Amino acid sequence: LSTSSNVVYINTITRITLSHNKIRFIPPSIANLPNLEILNLFNNQISELPTSLSSMPKLKILNVGLVFN
């Protein structure tokens, strides 16, 4: 796939589930997914969310339940 083709696929992502992965950090660039509606980060080790999440107009569900540090 060419680079431009990859960008098209990234722009079509509407749901990401990263639960149960011991993730500690979510990069602010997550906001570069313009069509993301559901972000599931359940049961990770995230202590702070990027403020860029607030600039995602299509984000409807953000699940960060059971956050352990």
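The strands of the model form an open sheet of three, ordered β1-β2-β3 and paired in parallel; strands are DSSP runs of E of at least two residues, helices are runs of H or I of at least four, and both are numbered from the N terminus. Pairing requires that DSSP finds at least two bridges between two strands. From one strand to the next the twist averages 5°, with axes taken as lines fitted to C-alpha atoms (for helices over the stretch in contact) and angles between N-to-C directions running from 0 to 180 degrees. The parallel strands β2 and β3 are joined by three bridges, and N40 stands opposite N63 in β3.

The structure is a predicted model, in which local features need pLDDT of at least 70 and side-chain atom pairs count only at pLDDT 80 or more, whereas totals for chains, interfaces and linings use all residues. Residues are numbered from 1 along each chain as its sequence is written, and side-chain values use heavy atoms, without hydrogens and water. The mean pLDDT (the predictor's confidence in each residue, from 0 to 100) is 87 for the protein, and 83% of the residues score at least 70. Confidence is highest in strand β2 (residues 38-40), at 97, and lowest in helix α1 (residues 3-11), at a mean of 64. Where pLDDT is low, predicted coordinates should not be read in detail.

S19 lies in the loop between β1 and β2. With a relative accessible area of 18%, S19 is buried (under 20%; exposed is over 50% and partly exposed in between, with a 1.4 Å probe and protein chains only). Apart from neighbours within four places in sequence, S19 is in contact (heavy atoms within 4.5 Å) with N40, L41, F42 and N44.
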